[in-house]
Every structure is written in structure tokens, then in C-alpha cells.
Amino acid sequence: MFWSRLAFIALLTTLTGCSTMQKIWHRPPADPLAAFQERAAKYHSVVTLPTFETTPEAVNATVDKTIAEGNAALDGIGQLRPTEVNFHNTFRQLDDIAYLIQGASDRLDLIEQTSTNAAVRDAATAAIKKLSDWSVGTDYREDVYTAIKTYADTQPSLEGEDQKLFDETLRDYRRAGLDLPKDERDIVEKLRKELTALETDFEENVTKATNYLKFTKAELEGVPEDFLSQEGIKTGDDEYTLKANVTFHYIMVEDNARREATRKRMLVAQYNLARQENIPLLQKILVRRDEMAHRLGYASYADYATEVRMVKNAATAITFLEDLKKGLQPKYDAELEEFRHLKVKETGDLDAKINIWDWRYYANQLKKTKYNVDAEQLRVYFPYQRVLDGMFAIYQHIFGLKFERVEAPYKWIGDLQLYTVSDSKTGQPLGLFYLDMFPRDGKYNHFAQFGIVEGKLLPDGRYQRPVCALVCNFPPPQPGKPSLLSHDEVETVFHEFGHAMHTILTQAKYSRFSGTSVPEDFVEAPSQMLENWAWDKTVLDSFAADYRDPSKKIPKEILDQLKASRLATMGTYYRRQLSFGLMDLTLHTQIHATNADDVLPLSNQVLSDVSLPVPPDTAFVAYVGHIIGYGAGYYGYAWADAIAADMATVFENSPHGYFDKKAGMRMRREIYAVGDSRDINISIEKFLGRPRSIQPFLKKIGVDK
Ligand SMILES: [Zn+2]
């Protein structure tokens with residue numbers, strides 16, 4: 001536990017009779033961070049904190065220096081004579097170069113999101129773009145590829161992680177078009193560059209899209225008063241201006257507006273955002289992606305994209321979603337029928353139907369009336385420090401770790417915290433994490449884990465231990481009242497800190513396999529698994545207590561109601577997820593140069609078939625930017641959810657449940673430590689001790705008993 005250092009000092013002060021102890025006590029305390037670094041050296045590891053750039057000039061200098069170093073290192077590979085090539089100066093050297101670039105880019109990412117200086121943030125944004133533009137071009141360096149091929153042609157006998165590095169590096173080159181004849185390779189390179197530009201334009205249009213809707217008070221009946229009275233919303237005597245592009249505004253109306261016409265107007269407005277600009281762009285993107293995939297020898301872009309993920313091909317992803325869609329049918333039907341009953345009761349219309357603009361409203365009504373859920377009343381049980389200490393205690397226990405707070409030599413904000421992580425049994429230093437927990441202007445506005453220094457075996461044989469940061473936006477403490485977390489935030493912090501564990505506990509040799517560098521359709525699974533901890537009464541009782549009277553624990557009924565109400569709309573929730581996933585895969589398998597005009601009708605058809613029918617003459621696909629960004633990857637949410645539920649059973653079937661250290665240590669060994677250094681399917685089976693199963697997931701979402 002992180003406070004055990006304090007307990008240790010307290011113990012020493014009671015042992016005043018012991019002169020040796022006295023001597024230690026009076027000696028000026030050594031710098032704990034320096035001591036940690038010294039201890040790391042004994043384990044042939046290195047613990048270093050990065051130097052953070054604090055001026056725009058420093059940011060620019062970093063990028064120029066990184067690019068120059070990268071170019072020089074690539075030149076070194078390119079200049080190798082055929083007789084000189086070996087594994088170290090080709091494949092491994094490329095990983096070292098990628099590590100150098102990654103290190104700079106990770107740090108600049110964090111600076112972009114956390115710096116208190118706007119000029120520094122802007123410089124970081126520009127620097128990241130410069131770095132990523134440069135790195136795309138490096139794939140096409142003929143001289144480097146020649147050296148790589150020369151070594152590959154010797155058909156070396158390698159094993160394990162070295163073999164995987166060898167195979168996947170060659171795979172990357174193949175996927176970039178490097179083993180095609182020169183003229184075809186040039187076409188692929190051109191398509192890739194065009195795609196980058198088109199995708200950026202698409203995303204920008206999504207960000208820029210706005211639609212202001214004016215309503216009267218009567219039209220907004222049911223929408224909470226304290227929301228409507230906010231600045232910028234009440235714009236006239238009886239005029240309220242809401243933005244269809246602001247999620248919060250959209251949800252407030254869809255969840256609460258009693259008038260169906262109001263909900264419909266808001267939805268239709270959102271479903272037409274960015275339509276004029278983005279439908280033509282989307283056609284171009286999909287046609288180019290399809291052409292690129294074909295030139296590279298794939299049947300579709302979805303096959304190209306999924307090759308490097310767990311799922312391996314589009315057909316497996318589609319089957320997974322279709323099966324789930326079928327499995328959810330009875331529960332989905334029952335949920336819609338329950339919503340319909342509420343609508344009949346409210347409107348008096350016996351033939352009432354549930355439309356796409358109705359489901360959020362009736363799901364919300366159901367929560368309020370049937371389950372009587374007021375999630376806000378849970379906040380008093382989650383004072384920030386208690387949650388953090390409680391979570392740390394659990395993670396330290398199950399993963400066999402010790403966290404200790406140390407003073408950060410440099411702080412980008414005053415209340416920044418830094419912790420060391422060691423193995424609790426051996427004391428071996430494993431890494432460091434920062435905590436930047438409260439909102440401020442210009443800061444990243446969600447919750448996320450940022451990798452800063454990734455783990456890697458350095459060329460000199462020492463292991464570079466990782467450093468990461470948790471960047472959150474908890475409610476700040478008020479005078480006389482601590483920061484009180486919502487249950488949602490508790491779940492989120494368990495999730496994000498899981499990513500930190502993934503980063504820190506890595507033992508992979510190469511940076512491309514270390515930490516959270518695992519297939520995209522797996523990376524969320526361990527953290528999604530850990531979200532279960534926030535729903536377990538025993539776990540919560542180990543730390544959650546009313547801040548005014550810590551003898552009061554969370555009442556079981558409230559937690560049960562919350563669980564029941566979540567389960568009550570799971571069918572609707574997942575059918576909606578699946579509609580996005582299937583739309584994404586359909587577009588990326590079925591759109592070619594000859595049928596680009598079908599993009600919009602096909603999208604609407606899939607959405608309507610899997611979830612509630614979308615109104616005619618809407619174009620939601622133009623606005624769901626992240627679906628394009630994921631590029632045949634949206635299925636990954638449900639895919640990882642299924643793995644997470646399966647993985648959770650290892651703890652659930654263990655003697656100590658979510659506190660089971662044996663299960664935790666197995667997770668540390670088989671999942672976190674290996675990362676992507678071996679096939680993730682093998683790692684999951686080793687952790688489970690059996691083949692994977694979808695049953696735990698179906699059970700969790702109420703499909704299977
Ligand atoms: Zn996550």
C-alpha cells in the first residue's frame with residue numbers, strides 16, 4: 001500500500017530505545033527517487049524521468065533533433081554493405097529508431113494535453129504533425145528496405161520475440177507496398193498520402209459542423225431547468241438555443257424532452273451534420289481504401305485492416321457481430337416492448353411505436369420509474385482520496401506490487417503527484433506513474449492514461465523501465481467538502497489505471513511489443529475487465545464510505561438497482577453498437593469504385609436493420625467521424641467486451657474473487673508482462689487456462705442465463 005512508508009516511519013518513532021534505528025532516523029533521508037534509480041541499476045534496469053519541454057522553442061528543437069537523429073540512424077542502415085547486415089543492425093535497429101520517435105511523440109502528446117501554456121500546446125500540436133508526416137515517408141526509403149531484404153534473404157533462424165519482430169517488420173513493409181514493382185508501389189504510396197489528407201478533412205468537418213436549433217420553453221418541457229438556465233442557452237424571452245453538435249445538449253433533449261416532435265427535430269438535425277461536405281469525402285476515402293487493399297492483394301480494406309488485429313479477417317468480425325445481433329434479438333424485442341408500454345401510457349396512443357428518437361427518453365423514464373435510480377446519491381461514498389487509496393491497495397495486492405509516493409523533480413502543475421512501482425516481494429523497480437487529476441483550462445477534458453517512456457531492452461543490455469501518466473478530470477474539492485466521485489468516475493479510474501499497469505508491468509524486449517502496444521481489438525479488454533471491480537460490493541466496501549460518517553457503507557439496494565437498470569437496456573445499447581460496427585465493416589467490404597453512390601443508402605440500410613430505423617433523408621455516417629478513423633475497427637468494442645467478460649471469470653472462480661492474488665499474478669505474467677511479444681490468442685488462453693468462450697459475455701449482458 002502506498003501509505004506503508006508512513007506506517008514504517010511511525011514504527012521507527014516508537015522504537016526510540018534502539019540506537020541503530022535512532023541513527024537511521026536522524027540521518028538526512030536519502031532522495032527516495034534516487035534510491036529507487038540506484039536499486040533499478042542492481043536489476044540491470046534504468047529508470048529515467050523525461051525532460052519536459054517548457055517553451056515553444058524547446059518543442060521545435062526536440063522535433064528537429066529527433067528527425068535528424070532518426071534520419072542519421074536510417075542512413076546507417078541504408079549504408080550497410082550486403083556482407084555487413086545482421087539482425088541487430090537491421091531489424092533491431094529499426095525498433096530502436098521507432099522507440100526514439102515514439103518517445104518524443106508520446107512526450108509531446110502529453111505536453112499538448114497538459115501544458116498550462118497555450119503557446120507550448122500549439123507548438124506541440126504542430127510538432128506532432130511534423131513528426132508523423134516525416135515518419136510516413138520513412139517507410140518508403142529504398143536504401144533501408146534493401147538492407148532489410150538483404151538480411152531477410154539470408155533466411156535466418158530466429159526464435160520467439162526475435163522471430164515475431166522479423167515477421168511483423170516484413171509484414172509492415174509488405175502492407176506499405178514495398179514488395180510491389182516500383183510503379184505499383186508508387187501508386188500505393190500516393191493513395192496512402194491522399195488518404196491521410198482526406199481523412200484529416202473528414203475529421204475537421206466533423207469537428208466544425210454546427211447546427212443551432214431554437215426552441216420555446218413549451219417545446220422543451222421535461223428538460224431540466226438548471227440546464228436551460230445556463231448561459232448561452234436561454235437566448236430570448238421564450239427562446240432557447242441548443243446545438244445539435246454538442247453531445248451534452250443532444251443527450252439532454254433526447255433523454256428528457258417530453259414532446260416527441262422536439263426529440264425528433266434534434267435527432268434529425270444531428271443526423272444531417274456535415275452531410276454536404278462529408279458524403280463526397282467518404283466516397284473518395286472508401287474507394288481509395290478499397291483500391292489500396294486490392295493492389296496489396298486483399299479482397300477488401302476490412303481484410304487489410306483486420307489482418308494485424310486479433311480477429312485476423314473481416315469475415316470473422318462480421319460473423320461475431322451477426323451472431324451477437326441474433327443472440328440479442330429476444331432481449332432487444334422485450335426492451336423495445338417495455339419502452340412501448342411506457343409510450344402508450346404516456347401518450348394514450350394504443351398503437352404507439354418506438355422510434356429512434358424515442359429510445360433514450362423511455363430508457364431514462366424506465367430508470368427513474370422502475371428502478372428508482374439516482375446515481376448522484378452515490379457520490380458521498382466516493383471521496384477522491386479514499387477511492388484512490390482503495391484502488392491502489394487492491395492493485396498492489398492482486399498484482400504483487402508496492403507503490404510509493406515520491407517528489408517529482410519537475411511538475412507541470414503544482415498538485416502533480418509521482419509514484420514509484422516496485423515488485424512487493426523482491427523490491428525490483430518496475431516503473432513510475434504521474435497523476436494529474438483535476439480539470440483546468442486548456443487541459444485534455446476526458447480521462448486517459450498516457451505512455452511517456454515505454455519499456456524496452458536497450459542496446460547495452462539494460463532494461464528501460466516505463467513511465468506513464470494518468471490524466472483525469474475529477475470534480476475539484478470545494479471548501480469544506482472533498483472531491484466526490486460519481487460511480488461512473490470510479491469505474492473509469494479502475495479502467496484507466498489498468499492501462500497504467502499494462503504499461504508498467506511490461507517485460508517485452510522490443511518497443512513494438514511492449515506495454516499497451518497490443519492489437520487494437522485487444523488493448524481495451526484488460527481494462528474493461530477491471531471495470532467489474534467497481535460493481536462489486538466487497539470491492540467497494542473495502543474503501544467506499546460516506547465521507548461524513550465513514551461507518552456508513554454503500555447500501556446494497558442502491559448498487560443492485562444500478563446494476564438492474566444497466567442490464568435493463570443492454571439489448572438496445574449493444575444493438576446500437578453493433579449497427580455502427582456492421583455499418584463500418586459493410587462499407588469497408590462492399591464499396592468499390594463502381595458503386596460509390598451506394599455509401600449513404602447502404603449505411604442507412606445497415607443502421608435501420610440492426611438498430612431502430614433512421615429517418616429517411618438523414619446521413620448519420622457523415623458525422624460519425626470515429627467510424628472512419630477506426631477504419632473497419634469499430635467491432636473491436638464488442639469484441640474486447642466479450643474477452644473482458646471471459647477474463648473476469650478467472651477472478652470470479654478464484655477463492656478470493658476480485659481480491660485473488662494468484663489470479664492477479666497470472667494476469668501480470670501472462671497478459672501484462674508479455675504484451676504483444678507472443679500471439680495474444682495464446683496469452684489469453686494461458687491466462688484463462690482453457691479456450692476462449694463467449695458465454696460469460698452473453699450471461700453478463702442478459703442474453704444467456
Ligand atoms: Zn481504455
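Helices (H or I, at least four residues) and strands (E, at least two) are DSSP runs, numbered from the N terminus. The model is predicted: local features need pLDDT of at least 70, side-chain atom pairs count only at pLDDT 80 or more, and totals for chains, interfaces and linings use all residues. Residues are numbered from 1 along each chain as its sequence is written, and side-chain values use heavy atoms, with hydrogens and water left out.

**Exercise 1. Backbone angles**

Task: State where Gln155 lies, and whether Gln155 is buried or exposed.

Solution. 
- Step 1. Gln155 belongs to the loop between α7 (142-152) and α8 (160-176).
- Step 2. Buried means under 20% relative accessible area, exposed over 50%, and partly exposed in between (1.4 Å probe, protein chains only).
- Step 3. The relative accessibility of Gln155 is 69%, so Gln155 is exposed.
- Step 4. Most residues other than glycine have a negative phi. Gln155 is not a glycine, yet its phi is positive, about 45 degrees.

Solution. 
- Step 1. With 42% relative accessibility, Lys312 is partly exposed.
- Step 2. Lys312 also has a positive phi, near 75 degrees.

**Exercise 2. The zinc ion**

Task: Name the protein donors of the zinc ion and give their spacing in sequence.

Solution. 
- Step 1. Donors are N, O and S atoms within 2.8 Å of the metal (3.2 Å for Na, K and Ca); water is not among the atoms, so sites may look incomplete.
- Step 2. His495 (NE2), His499 (NE2) and Glu524 (OE) are the protein donors, lying 2.1 Å from the zinc ion.
- Step 3. Their spacing in sequence is H-x3-H-x24-E.
- Step 4. His499 in helix α18 (residues 487-504) and Glu524 in the loop between α18 and α19 (525-530) are 25 residues apart, a pair that links distant parts of the chain.
- Step 5. His499 is buried at 7% relative accessible area, while Glu524 is partly exposed at 26%.

**Exercise 3. Aromatic rings**

Task: Classify the pair formed by Tyr634 and Tyr637.

Solution. 
- Step 1. Rings of Phe, Tyr and Trp (its six-membered ring) pair if their centres lie within 6.5 Å; planes under 30 degrees apart count as stacked, over 60 as edge-to-face and the rest as tilted.
- Step 2. The structure contains 42 aromatic pairs. For Tyr634 and Tyr637, the ring centres are 5.1 Å apart and the planes are at 65 degrees, so this pair is edge-to-face.
- Step 3. Tyr634 has a relative accessible area of 5% and is buried; Tyr637, at 30%, is partly exposed.

Task: Which charged end sits over the ring of Trp535?

Solution. 
- Step 1. A charge sits over a ring if NZ of Lys or CZ of Arg is within 6 Å of the ring centre and within 35 degrees of the ring normal.
- Step 2. The charged end of Arg566 does so, 3.9 Å from the centre of the Trp535 ring.
- Step 3. Over the ring of Tyr99 sits the charged end of Lys456, 5.9 Å from the centre.

**Exercise 4. A buried serine**

Task: Describe the surroundings of Ser683.

Solution. 
- Step 1. Ser683 is part of helix α27 (residues 680-688).
- Step 2. Its relative accessibility is 0%, so Ser683 is buried.
- Step 3. Contact means heavy atoms within 4.5 Å. Apart from neighbours within four places in sequence, Ser683 is in contact with Glu670, Ile671, Val674 and Arg678.
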